Each structure stands twice: as structure tokens, then as C-alpha cells.
4 protein chains.
Amino acid sequence: MTLDDLQRRLAGFATARDWQRFHTPKNLVMALSGEVGELTALFQWLTPAESASVLEDPATRAAVLDELADVTIYLARLADVLGVDLLEAAEAKVNRNESRFPVDRFD
Amino acid sequence: MTLDDLQRRLAGFATARDWQRFHTPKNLVMALSGEVGELTALFQWLTPAESASVLEDPATRAAVLDELADVTIYLARLADVLGVDLLEAAEAKVNRNESRFPVDRFD
Amino acid sequence: MTLDDLQRRLAGFATARDWQRFHTPKNLVMALSGEVGELTALFQWLTPAESASVLEDPATRAAVLDELADVTIYLARLADVLGVDLLEAAEAKVNRNESRFPVDRFD
Amino acid sequence: MTLDDLQRRLAGFATARDWQRFHTPKNLVMALSGEVGELTALFQWLTPAESASVLEDPATRAAVLDELADVTIYLARLADVLGVDLLEAAEAKVNRNESRFPVDRFD
């Protein structure tokens with residue numbers, strides 16, 4: 001499944017339930033933010049080292065995958081409603097970051 | 001550029017600057033959360049209707065694209081470090097949501 | 001109960017359970033952020049007008065009060081661990097804002 | 001300055017600038033969330049140990065105090081607009097937490 005496929009599927013899902021009226025960019029930004037908050041809660045008491053093996057426990061793994069899915073879903077839906085190509089925007093930003101943070105400054 | 005391409009590029013970017021040591025899942029969750037906060041700030045005083053035309057103003061458009069890019073970048077990087085396939089996780093979640101919210105309940 | 005009283009009570013609560021080791025500023029910022037995410041989720045689909053009467057429904061009222069309590073608790077605890085006086089910092093910021101946003105510009 | 005004093009001052013500040021129309025609970029939750037995002041960004045690359053001495057550097061200290069002030073301001077303003085007593089809500093929650101997490105389970 002590509003990001004485009006996911007966005008088409010989410011648009012159909014919203015249309016079938018008449019949920020487009022809730023899917024304003026403002027509301028979707030809040031939904032994205034709420035899901036990132038739930039993801040954050042899963043990591044808040046872990047040391048950085050513990051966070052690197054967070055997927056080893058099956059219950060925590062399921063919870064992390066579920067929150068990452070929700071974050072991806074609302075980010076994809078928000079971008080679709082706004083008409084923004086996320087991967088193109090990200091590529092443009094990485095290009096700008098290559099100039100802002102030249103490798104030789106970090107050698 | 002696919003999500004995979006973006007993740008490979010971000011991994012190379014981090015390696016070239018020796019930034020992998022900062023890129024623990026815990027830190028990347030915080031970076032994702034910080035960027036979502038900046039995105040939220042762009043929408044906080046807008047009405048839902050105003051938020052739907054947020055890209056019409058060129059300066060706001062650039063700011064929104066920039067924050068969406070940063071959110072995408074940290075989400076992609078976090079998933080790569082964890083070894084999670086975001087699109088697969090999202091697809092599995094949409095499948096579960098189809099069962100949790102059957103269309104006929106919303107007709 | 002004053003903010004100082006709350007902070008003393010929270011410090012005692014953490015000490016009695018040997019939770020100070022989890023209460024680094026980094027972790028407490030994440031806990032604060034997670035609780036704000038849960039608060040955000042309660043408001044995400046409401047219109048601004050609906051959000052103004054969010055306390056009228058008893059179940060939603062209890063949920064909103066619970067999340068506001070959690071946000072207050074982690075903000076108070078974070079400030080205590082850092083040794084920051086929140087009300088003094090807020091007063092200093094309001095003073096700066098009086099200069100940044102003079103009233104006559106908004107008449 | 002007490003929390004009540006701060007809330008009265010913030011209400012006057014908003015009235016003098018005719019900003020009450022922006023201060024719906026929904027918008028204020030977003031503003032709170034945005035400020036917590038900025039606070040998070042200041043801590044994202046720090047180790048937990050580094051985060052404990054974050055106030056030692058004068059520039060970082062000023063930035064952290066500024067964000068804590070903004071978080072306090074929007075939380076106080078949100079509670080005032082909703083008519084919620086934050087300290088009472090927090091005290092009630094700590095009382096519930098005393099029952100949920102009895103000390104002897106953590107001895």
C-alpha cells in the first residue's frame with residue numbers, strides 16, 4: 001500500500017460515514033496532536049536505551065504500532081484534505097537541510 | 001520519492017552527521033511532538049472554515065508545508081529506527097476501524 | 001490549596017513511591033505533553049461554539065476536569081523539579097506581552 | 001501573584017485587546033498544546049541527566065522559563081474561560097491517585 005492508496009482509502013472511509021464535515025484541517029491537526037500525545041505517553045518513563053527495545057514486549061509493541069498507525073492515518077488524511085504532497089514537501093525540506101547543516105561542519 | 005526512499009535518505013543524512021546517537025525512539029517521539037506543536041500553533045486561532053483555506057496565503061502556505069514536512073520527516077525517521085512499516089500498520093488499523101465503525105451505523 | 005501546597009504534596013507522593021528517579025525534567029515534559037494530548041482529543045471534533053459548553057454534559061465534564069488536573073499536576077511537578085516559580089515566570093511574561101501588544105494597536 | 005490574580009490579569013489583557021472572541025476552549029487547548037510543543041523541542045535531544053541541569057546555561061534557562069510561562073498562561077486562561085478551578089481539580093485527582101497507587105505496593 002502506498003501513501004496515495006492510504007489516502008484514497010481514508011477518504012472513502014470518511015465519505016461512507018459522512019465524516020468529511022468533521023475533517024477540517026483544524027480538527028485533523030488536533031486529532032494528529034492527540035494521537036502523538038498517546039504515542040508520547042508510551043515512551044515517557046522509558047530511558048533512551050529502553051526506548052530502543054520498546055517493541056520486544058508484545059503488549060507494548062501492539063500499543064506502539066497502534067499509535068504509529070493512528071498518527072500516520074491523521075497525518076495522511078490532513079495532507080489529503082489540504083491537498084499537500086507530504087513526500088514532496090519532506091524531500092524539499094531535506095534538500096534545504098542539506099544546505100543548512102553541511103556535512104563537513106559535523107565531521 | 002516513496003516513504004522508503006525518504007527513510008533511506010534520512011538515515012544517510014543522520015549517519016553523515018553522526019546524529020544516530022541522538023535518534024533514539026524516545027528523542028524522536030519528542031521531536032515529532034515538537035513539530036506537531038509548531039503545526040498546531042499555525043491553526044490555533046483559525047476558525048474551522050478559515051483552516052480549510054489556510055494554503056491560499058503564500059506565507060502561511062510555506063509555513064504549513066514546512067511543518068508538515070518536519071512532521072513527516074520525524075515520523076518516517078522514528079518508524080525506520082524502530083523497524084516499523086508505517087503504511088502496513090496504518091492499513092491494519094483501517095481494517096480494524098472498518099469493523100469498529102460499520103458503515104450502516106452511520107447511514 | 002495553593003500551587004505551592006500542590007507541589008509539596010506531589011513531591012511527597014513521588015518520594016513515598018520512590019518515583020523521583022522517573023521524574024527527570026525530560027520525562028516530565030513528555031508526561032505533560034501526553035496529558036495535553038488527551039485533553040486535545042476531547043476537543044478535536046467540537047466546533048468552537050460546542051467547546052464553550054463542553055462542561056454541560058456530566059461525563060464529558062468529568063473527563064475534561066480529569067485531564068486538566070493531570071496537566072496541572074505534571075506542570076507543577078516539572079516546575080518543582082526544575083526549581084522554577086511558574087506564577088513569577090508567567091507574570092514576567094505578561095509584563096513583556098503588555099509591551100509587545102500595546103492596547104492602542106487593538107482599539 | 002496567585003493563580004487567581006494571574007487569571008484576572010489575563011482576562012483583562014484579552015478584554016482590552018478584544019481577543020475574547022479568539023479565546024474559545026477549543027482554540028485555547030490548541031494554544032496550550034502548541035506551547036507544550038515548543039517546550040518539548042527544548043528537551044528533545046537532551047539525555048535525562050542533561051535535562052536536570054537545563055537551567056544552568058543562561059540562554060537555555062531563559063528559553064525554558066519563557067515556554068513554561070506560556071504553558072502556564074494558556075492553561076490558566078483555558079481554565080478561567082471554562083470556569084474550572086485547576087488547583088481543586090488537581091487536589092481531587094491526587095486524592096484519587098493515593099487510592100489507585102497505595103504506598104505499600106511501592107515499598
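Mentor: We will take the terms one by one, and remember that this is a predicted model.

Trainee: What makes A:Glu98 and B:Arg9 a salt bridge?

Mentor: Look at the gap. The N to O distance between the side chains of A:Glu98 and B:Arg9 is 3.6 Å. The cut-off is 4 Å, between a side-chain nitrogen of Lys or Arg and a carboxyl oxygen of Asp or Glu. The pair A:Glu98 and B:Arg9 passes, so it is called a salt bridge.

Trainee: Why is the pair of B:Lys93 and A:Asp70 said to join two chains?

Mentor: Check where each residue sits. B:Lys93 lies in helix H5 of chain B, and A:Asp70 lies in helix H4 (residues 58-82) of chain A, so the pair joins two chains.

Trainee: How many salt bridges are there between chain B and chain A?

Mentor: The count is 10 for chain B and chain A. Over all chains, the whole structure has 32. Between chain D and chain A, the count is zero.

Trainee: What else describes the interface of chain B and chain A?

Mentor: Start with contacts. Here 58 residues of chain B touch 58 residues of chain A. The two chains bury about 5,100 Å² between them, with 71% of it on carbon and sulfur atoms. B:Arg9, B:Arg17 and B:Lys26 lose the most area on the chain B side, together 13% of what that side buries. There are also 20 residue pairs in polar contact across this interface.

Trainee: Which helix gives the largest share of the side of chain B that touches chain A?

Mentor: H4(B), with 12 residues. By class, that side of chain B has 38 nonpolar, 10 polar and 10 charged residues.

Trainee: And chain D with chain A: how many residues are in contact?

Mentor: Six residues of chain D contact six residues of chain A. The buried area is about 480 Å², and carbon and sulfur atoms give 69% of it. D:Lys26, D:Met30 and D:Pro48 lose the most area in chain D, together 75% of what that side buries. Three residue pairs are in polar contact across the interface of chain D and chain A. Helix H2 (residues 25-43) of chain D gives the most to its side, with five residues. That side divides into three nonpolar, two polar and one charged.

Trainee: Now chain C. Why are H1(C) and H4(C) called roughly perpendicular?

Mentor: Take the angle. Helix H1 (residues 3-16) and helix H4 (residues 58-82) of chain C pack at about 85°, with their axes 9 Å apart. The band for roughly perpendicular is 65 to 115 degrees. The angle of about 85° falls inside, so H1(C) and H4(C) are roughly perpendicular to each other.

Trainee: Which residues make the contact of H1(C) with H4(C)?

Mentor: From H1(C), they include C:Leu3, C:Leu6 and C:Leu10. From H4(C), they include C:Ile73, C:Ala76 and C:Arg77. The residues of this contact divide into eight nonpolar, two polar and two charged.

Methods: Residues are numbered from 1 along each chain as its sequence is written. Chains are lettered from A and ligands numbered from 1 in the order in which they are written. This is a predicted model: local features need pLDDT of at least 70, side-chain atom pairs count only at pLDDT 80 or more; totals for chains, interfaces and linings use all residues. Side-chain values use heavy atoms; hydrogens and water are left out. Contact means heavy atoms within 4.5 Å. Buried area is the accessible area (1.4 Å probe) that two parts lose on being put together, summed over both. A polar contact is a pair of N or O atoms within 3.5 Å; within protein, one must be able to donate a hydrogen and the other to accept it, and residues adjacent in sequence count only if both atoms are side-chain atoms. Helices (H or I, at least four residues) and strands (E, at least two) are DSSP runs, numbered from the N terminus. Ala, Val, Leu, Ile, Met, Phe, Trp, Tyr, Cys and Pro count as nonpolar, Asp, Glu, Lys and Arg as charged, and the others, Gly among them, as polar. Axes are lines fitted to C-alpha atoms, for helices over the stretch in contact, and angles run from 0 to 180 degrees between N-to-C directions. Angles under 35 degrees count as roughly parallel, over 145 as roughly antiparallel, 65 to 115 as roughly perpendicular and the rest as oblique.
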